[in-house]
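Subject: Structure handover

Hello,

Here is the structure for you to look over. My findings follow below it.

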Amino acid sequence: MSFDIANNVALQQVLATMEVERKRIAGTQTKGYIFIAVGILLCVLGFFLGFPIPGVIGGLIPLIYGGVLLFKIKDALTAYQNAYKTNVIGAALKFLDESLSINPYQGIEASEFMYTQLFSNEPDRYKTEDLVTGCADKTRFYFAEVHAEYKTVTQTKDGTRTEWHDIFRGIIFAADFNKKFNGVTIVRPKDFGAAFGAWFSKNLFSFGSNDVIQLENPDFDKTFVTYGSDQVESRYILTPAMMERILNLNHQTKYNISLSFIESRMYIAFPLNRNYFEAPVFKSLLSPETVNEDISTIKFMYDIVKELDLNTRIWGKE
């Protein structure tokens, strides 16, 4: 199924209306940044030419005016960004499946993020948004953007320095697996590198060194390391067909994915390097590629259920 933006009259009308507002916001922001740049330039020139006080006074006027312009357009920008998610992304979701919906203000809670057992650090700063929920045939799923960070504080000669480090930035996908698992199965990429030691220490109580599972698919074992607290169950989940599907899914992504199977749910972590579902300000909404990238991401998530064949009920739910 393809999402034909050019021939979707209703969506084109929404985009045309929003394009007017985008141009107004872009124009105001451009003017604000220009005034701020002129203000800074006047201040610098004043110091270089030996007239610091006139330079600062002359620079403050455009500097303050530029800041006021950016401040006054802030609410309009927020409304425009929310309208994009609700009206444009929302329309794309309904086109794929009537059951799909997006809530820009909700996401995956930090407690569920840690519950996936895919990450080693408790986040000190956690942001999540754009929760998409729905069903693909018989399988319920949801996903959201997550940015989780931890901080380190080091002593310096001038005091302390706080630095923030990414734990994870991307999309967490969750789907009903129609099976109540007795144990926990984790599939991590082998390029997890130095973070692997920290993850293993964190999950030592769930997994011992004997819980590494060697599977019958050499390509799968080259790409992933698999842990299972119930090896029989893990092998039952990771059938030859499922391993091939996970490998195929992994080949479609830029960065290696991680998976966990806990209770009756499957989680997939997709690392990403950009913030999705954000309305462009300095790029036209009427350009098809502007919206296509977000829509392609949504369709990719929707197709995971089919890709992994989650609608085939090989077990009855216990």
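Buried here means under 20% relative accessible area, exposed means over 50%, and partly exposed covers what lies in between. Keep in mind that this is a predicted model.

**Salt bridges**

The count comes to 10 salt bridges.

Start inside helix α1, residues 9–48. Glutamate 19 and arginine 22 pair through their side chains, with N to O at 2.9 Å. They sit three residues apart, about one turn of the helix. Both glutamate 19 and arginine 22 are buried.

Next, lysine 85 and glutamate 278. Their closest N and O atoms are 3.1 Å apart, and the two form a salt bridge. This pair links distant parts of the chain, 193 residues apart. Lysine 85 belongs to helix α3 (residues 74–96). Glutamate 278 is in the loop between β9 (265–271) and α9 (288–307). Are these two residues buried, exposed or partly exposed? Lysine 85 has 5% relative accessibility, so it counts as buried. Glutamate 278 has a relative accessible area of 24%, so it is partly exposed.

Arginine 235 is in helix α7 (residues 231–237), while glutamate 216 is in the loop between β6 (212–213) and α6 (218–223). The pair therefore ties together parts that are 19 residues apart in sequence. Arginine 235 is partly exposed, at 32% relative accessibility. Glutamate 216 is exposed, because its relative accessible area of 61% is over the 50% cut-off.

**Helix α1**

Does the length of α1 agree or disagree with what its residue count predicts? Its 40 residues, at 1.5 Å a residue, should span 58 Å. The end C-alpha atoms of α1 are 57 Å apart, which agrees. After α1 comes glycine 50, with a positive phi near 85°.

**Helices α8 and α9**

Now look at α8 (residues 240–251) against α9. Their axes come within 11 Å and cross at roughly 160°. Angles over 145 degrees count as roughly antiparallel, so that is how α8 runs relative to α9. The crossing of α8 past α9 is right-handed. Which residues meet there? On the α8 side they are Arg245, Asn248 and Leu249. On the α9 side they are Phe300, Ile304 and Glu307.

Most residues other than glycine have a negative phi. Two residues are worth checking against that.

Aspartate 137 is not a glycine, yet its phi is positive, about 60°. You will find aspartate 137 in the loop between β2 (125–136) and β3 (139–156). Its relative accessibility is 59%, so aspartate 137 counts as exposed.

Glutamate 263 is not a glycine either, and has a positive phi of about 50°. It lies in the loop between β8 (258–262) and β9. At 42% relative accessibility, glutamate 263 counts as partly exposed.

Best wishes

Conventions: Residues numbered from 1 in each chain as written. Predicted model: local features only at pLDDT ≥ 70, side-chain atom pairs only at ≥ 80, totals over all residues. Heavy atoms only, no water. Salt bridge = Lys/Arg side-chain N within 4 Å of Asp/Glu carboxyl O. Helix = DSSP H or I, 4+ residues; strand = E, 2+ residues; numbered from the N terminus. Buried < 20%, exposed > 50% of the residue type's maximum accessible area, 1.4 Å probe, protein only. Expected span 1.5 Å × (residues − 1). Axes fitted to C-alpha atoms, helices over the stretch in contact; angles between N-to-C directions. Parallel < 35°, antiparallel > 145°, perpendicular 65-115°, else oblique. Left-handed = near helix turned anticlockwise from the far one by under 90°. Contact = heavy atoms within 4.5 Å.
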